[in-house]
Amino acid sequence: MFAVIQLTLIVLGARLAWRLSNRFLSKDHWGAVPGPAPESWLTGSLLKLVSQDAAQYHEKLAREFGRVVKFTGLFKENILYVYDPKALYHIFVKTRNALLQQLNKNAGEKELDVASWMTRTMLEFTGQSGFGYSFDSLTEDSEEHPFVTSLKGFMCAISDTPVVVARLLLSPYAHLVSPKTQRAIIDFLPWKQMHRIRDMVDVMHNTSLDIFEATKRSANEGDGLGRKDIMSVLFKANNAASDQDKIPESELVAQVSTITFAAMDTTSNAMSRIVFLLSQHPDIQEKVRAELCDAFQDEEELDYEVLSSLPYLDAVVKETLRVHPPLPFINREAVRDAVLPLQKPITSRKGEIVDSIFVPKGSKIMLSLSNCNTDTEIWGPDAGEWKPERWLSPLRSSVQEAHVPGVYSNLMTFSGGGRACIGFKVSKLEMKVLLSVLLPTFKFAPSDKRIIWEWNAVVQPTTEDAKVAANGAREPELPLKVALVQA
Ligand code: HEM
């Protein structure tokens, strides 16, 4: 086994060296596209763009260079940073076409960590609706499920700089090495952080297997026929499919982590942001509460139609998702040579007006969802401000004219095209349901601690006093003062 690992490392090293030397020798297709000078010869400007305090740097890029920017990544790799709506549309349609071709007790006034409750609640929503599984009894003293501990630590752990560098360099070759060999390489390397990540992955995989086996048992024993959670539906659909359409069980198992990941951190941090903003704007908080209390009248709970029809609640959710998308950027790689048309031409370094950009096969593109959502030419001069009222009257004509290719309300928050978020409706509903449950009962006010929003793949709240994880990163927390609403 030792020889196999050594040989694999040598082959991977040689491929990497070949790829890097090509990078230095080949033509720079984006030489004319404006952009910042690299910060370092090794990592270019990449670490600034993916660091935990990257928010200001992304804003600076948009301010200084506009909708299309060239920046330097690892070992002088050129990366295109884009939020021109037409260019974004082009990328999403391309992806879609390519796919088509292939196919309460605690509130008195008390400071509570709202982030941890949001995470636990969203995880429980996802567990129940996704897999008919309960991760958390949602009582104050219940112990955290190991799956949750791993899932929460995972994003932070993989955002550690050496791990980010290794991921960027090695992920193009991962498919060349079997999972068993990858595992052996990781066991072999004396790299503590990577071993922590391996152990987290093991916990998540084993929990996913347990969930899948439970679904299978209940379906086979006949008592799962009426279950409507995503895993039961997938399992039944897969059983009913013809042999050639069936997907392997390992892929069904993988859906547990995929869905939990995609659903939990994004929605819970969006919810944390909403509650944080409401705590900063008590007048707006009061208006949403009044709208909800009015809708409840004598009802115990609000049904889907009523919740969807509340304009102020909707405006608060939309405006938060616009100004503060939980995933501020996503990445793409060109699968073939392409030309990216631009809605707004850019001025090249030579002073020429350019209205399209050649994108060679294999090049990386970073799509800035946050800058597109707060572009002043689309949303107006107050685009960067959080103003739910803007959704209560017809939007500026520039919003329609921009043809932003997002799946939701002219926003890029849930991306667009064939690989857009599949959970945006459920996520919106989850947030509204949770707000409808919390706001009539609780009031939220800022605590004395300064909240820092860190970019850990998903944007998360933390404070200077937050517990520090093993990799040196601060753990998420959102301390807010919570009190009961006086009748
Ligand atoms: C506020 C909450 C959410 C936000 C901001 C969000 C955002 C996104 C974004 C930007 C993508 C595209 C990622 C990329 O292309 O790299 C995505 C993909 C995805 N999302 Fe969400 N999401 C949210 C909630 C959810 C929920 C609740 C679910 C599941 C129930 C979900 C399931 C998925 C899945 C499965 C994908 C991958 C789709 C594919 O690649 O075909 N998301 N999401």
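Tutor: Happy to! Let us start with Leu 80, which touches Trp 30, Val 68, Lys 70, Ile 357, Val 359, Ser 363 and Ile 365, leaving aside residues up to four places away in sequence; contact here is C-beta atoms, placed from the backbone, within 7 Å. Before going on, a word on the source: this is a predicted model, in which local features need pLDDT of at least 70 and side-chain atom pairs count only at pLDDT 80 or more, while totals for chains, interfaces and linings use all residues. Residues are numbered from 1 along each chain as its sequence is written.

Leu 80 is also among the residues with the most contacts inside the largest nonpolar core, together with Tyr 81, Met 271, Ile 274, Val 275 and Leu 435. That core has 92 residues, and the term means buried Ala, Val, Leu, Ile, Met, Phe, Trp, Tyr and Cys residues joined through C-beta atoms within 7 Å. Buried, in turn, requires 20 or more other C-beta atoms within 10 Å of the residue's own, with C-beta atoms placed from the backbone. Helix α11 (residues 249–280) gives the core its largest share, 10 residues; helices are DSSP runs of H or I with at least four residues, strands are E runs with at least two, and both are numbered from the N terminus.

Now for the strands. β2 (residues 78–82) pairs with β1 in the antiparallel sense over 5 bridges, where pairing takes at least two DSSP bridges. In this pair, Val 68 stands opposite Val 82. The two strands belong to an open, mixed sheet of 4 strands, ordered β1-β2-β7-β4. Its edges are β1 (68–72) and β4 (329–333), each pairing on one side only.

Of the 20 residues around the ligand, Ala 262, Ala 263, Thr 266, Cys 421 and Gly 423 come nearest; a residue is near if its C-beta atom, placed from the backbone, lies within 6 Å. The shell divides into 12 nonpolar, 7 polar and 1 charged, with Ala, Val, Leu, Ile, Met, Phe, Trp, Tyr, Cys and Pro counted as nonpolar, Asp, Glu, Lys and Arg as charged, and the others, Gly among them, as polar.

Notes. A residue is buried if 20 or more other C-beta atoms lie within 10 Å of its own, exposed if 12 or fewer, and partly exposed in between; C-beta atoms are placed from the backbone. Two residues are in contact if their C-beta atoms, placed from the backbone, lie within 7 Å.
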